[in-house]
Amino acid sequence: MKPQTSTWDVTDYLKTEEDQAMYLDACMEDADGDAAFIAKALGDIARARGMSQIATDTGLSRESLYKALSADGNPSFATILKVMKSLGLELHATAKKSPVAT
């Protein structure tokens, strides 16, 4: 008897704005400089919210957003900022703590 599996999709768990912000924050922390990973996370949030609405809000086509916010995409920083604004998310910077010299 074969075990039954189903497809897991992160967008099923990104129901609230708080969930989406925490997801993006965790992805940014884990990205280790991988810009495509962060763009993909934004794409996940955009899909959870509705890519058509994000496209309308940003003035970009739905197809170009899907491509830019995919694992293989390479969106411009302007596109990232437009998508984040549309999603109601803000980008913040925090000074990295230096190791204490002994």
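# A tour of the helix contacts and exposed sites

Start with helices α2 and α5, whose axes lie 11 Å apart and pack at an angle of about 35°. Axes here are lines fitted to C-alpha atoms, for helices over the stretch in contact, and angles run from 0 to 180 degrees between N-to-C directions. Helices are DSSP runs (H or I, at least four residues), numbered from the N terminus. This is a predicted model, in which local features need pLDDT of at least 70, side-chain atom pairs count only at pLDDT 80 or more, and totals for chains, interfaces and linings use all residues. Residues are numbered from 1 along each chain as its sequence is written, and side-chain values use heavy atoms, with hydrogens and water left out.

**Stop 1: α2 against α5**

Look at the handedness. The crossing of α2 past α5 is left-handed. That term applies if the near helix is turned anticlockwise from the far one by less than a right angle; clockwise gives right-handed. Now select the contact residues. From α2 they are A39, L42, I45, A46 and R49; from α5 they are I80, V83, M84, S86 and L87. Contact means heavy atoms within 4.5 Å. Colour them by class: 8 are nonpolar, 1 is polar and 1 is charged. Nonpolar covers Ala, Val, Leu, Ile, Met, Phe, Trp, Tyr, Cys and Pro; charged covers Asp, Glu, Lys and Arg; the others, Gly among them, are polar.

**Stop 2: α1 against α2**

The crossing of α1 past α2 is right-handed. Select E17, Q20, Y23, L24, C27, M28 and D30 on α1, then F37, I38, A41, L42, D44, I45, A48 and R49 on α2; these make the contact. By class, this contact of α1 with α2 has 10 nonpolar, 1 polar and 4 charged residues.

**Stop 3: the loop between α1 and α2**

Go to D32, in the loop between α1 and α2. Check its backbone: phi of D32 is near 50°, a positive value in a residue other than glycine. Most residues other than glycine have a negative phi. D32 counts as exposed because its relative accessibility is 75%. Exposed means over 50% relative accessible area, buried under 20% and partly exposed in between (1.4 Å probe, protein chains only).

**Stop 4: D72**

Select D72, in the loop between α4 (62-68) and α5. D72 is exposed, at 76% relative accessible area. Draw a distance from D72 to A36: 36 residues apart along the chain, their C-alpha atoms are separated by 6.7 Å.

**Stop 5: after α5**

Two residues come next. G88 is in the segment after α5, and is exposed at 60%. Its C-alpha is 11 Å from that of I45, 43 residues away along the chain. K97 also lies in the segment after α5 (77-87), and is exposed at 79%.

**Last stop: an aromatic pair**

Rings of Phe, Tyr and Trp (its six-membered ring) pair if their centres lie within 6.5 Å; planes under 30 degrees apart are stacked, over 60 edge-to-face and the rest tilted. The count is 1 aromatic pair. Select W8 and Y13: their ring centres are 5.5 Å apart and their planes at 15°, so the pair is stacked. W8 is exposed, at 59% relative accessibility.

Methods:
Helix = DSSP H or I, 4+ residues; strand = E, 2+ residues; numbered from the N terminus.
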